[in-house]
Amino acid sequence: MSGLLFLIAGGLLEPVWVIAMTKAGGNTDRRAFWYVVFLSAMFMSLMFMSRGMKTMSVGISYAIWTAVGALSTIVAGRILYHEGISWKKVAAVTLILIGISGLEAAG
């Protein structure tokens, strides 16, 4: 698996641990379950990022991992919590994608 795929996998795990952290902090009978999901997803996300850093520079790796995490968290928020997506958010996400593409091209 290439470094980029590890970074994407790690970034896609970000909304998992963010949502699990939210659930673990709530009043629920399944609090321990959500803490396990939170810690597992966070560990795996960081592990995938570290594997991706073995083939790419630290700055590029972190930028890709963060951007994938941010994008997937926005999508998860929209799907799970019906959060709105304005044209400003779409423009900002587009700029993130352009920036990552530029970093890769300059790479």
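User: Why does glycine 99 count as partly exposed?

Analyst: The model is predicted, and in it glycine 99 has a relative accessibility of 33%. Buried means under 20% and exposed means over 50%. The value of 33% lies in between, so glycine 99 is called partly exposed.

User: Where is glycine 99 placed, and how many residues separate glycine 99 from alanine 67 in sequence?

Analyst: Glycine 99 is in helix α5. In sequence, 32 residues separate glycine 99 and alanine 67, while their C-alpha atoms are 9.6 Å apart in space.

User: What makes serine 45 a buried residue?

Analyst: The relative accessible area of serine 45 is 1%. The cut-off for buried is under 20%, so serine 45 is buried. Helix α3 holds this serine 45.

User: Which residues does serine 45 touch, leaving out those up to four places away in sequence?

Analyst: Serine 45 touches Gly10, Leu13, Glu14, Trp17 and Trp65. Two of these names return in the burial list of α2, where Glu14 and Trp17 are buried. Trp65 is among the buried residues of α4.

User: What makes the pair of serine 45 and tryptophan 65 a polar contact?

Analyst: The side chains of serine 45 and tryptophan 65 are joined at 3.2 Å. A polar contact needs a pair of N or O atoms within 3.5 Å, one able to donate a hydrogen and the other to accept it. The value of 3.2 Å is within that limit, so the pair is called a polar contact.

User: How do you know that the length of helix α4 agrees with its number of residues?

Analyst: Helix α4 covers residues 58-81, which is 24 residues. Just after α4, histidine 82 takes a positive phi of about 55°.

User: Which residues of α4 are buried, and what covers them?

Analyst: The buried residues of α4 are Ile60, Ser61, Ile64, Trp65, Ala67, Val68, Gly69, Leu71, Ser72, Ala76 and Gly77. Their cover includes α1 (3-12), α2 (14-24), α3 (31-52) and α5 (87-106). For α2, the buried residues are Glu14, Pro15, Trp17, Ile19, Ala20 and Ala24, with cover that includes α1, α3 and α4.

User: Why is leucine 12 called partly exposed?

Analyst: Leucine 12 has a relative accessible area of 48%. Exposed would require over 50%, and buried under 20%. Leucine 12 is found in helix α1.

User: Which residues does leucine 12 touch, leaving out those up to four places away in sequence?

Analyst: Leucine 12 touches Val68 and Ser72, both of which are listed as buried in α4. In sequence, leucine 12 and glycine 69 are 57 residues apart, and from C-alpha to C-alpha they are 5.7 Å apart.

User: How many helices and strands does the chain have?

Analyst: The chain has five helices and zero strands, and its pattern along the sequence is α-α-α-α-α. Its C-alpha atoms fill a box of roughly 50 × 35 × 20 Å along the principal axes.

User: What share of the chain counts as buried, and what supplies the area that the chain exposes?

Analyst: Of 107 residues, 30% count as buried. The chain exposes about 6800 Å², and carbon and sulfur atoms supply 71% of it.

How values were computed
Residues numbered from 1 in each chain as written. Predicted model: local features only at pLDDT ≥ 70, side-chain atom pairs only at ≥ 80, totals over all residues. Heavy atoms only, no water. Helix = DSSP H or I, 4+ residues; strand = E, 2+ residues; numbered from the N terminus. Expected span 1.5 Å × (residues − 1). Buried < 20%, exposed > 50% of the residue type's maximum accessible area, 1.4 Å probe, protein only. Contact = heavy atoms within 4.5 Å. Areas by Shrake-Rupley, 256 points an atom, 1.4 Å probe, with all protein chains shown as cover.
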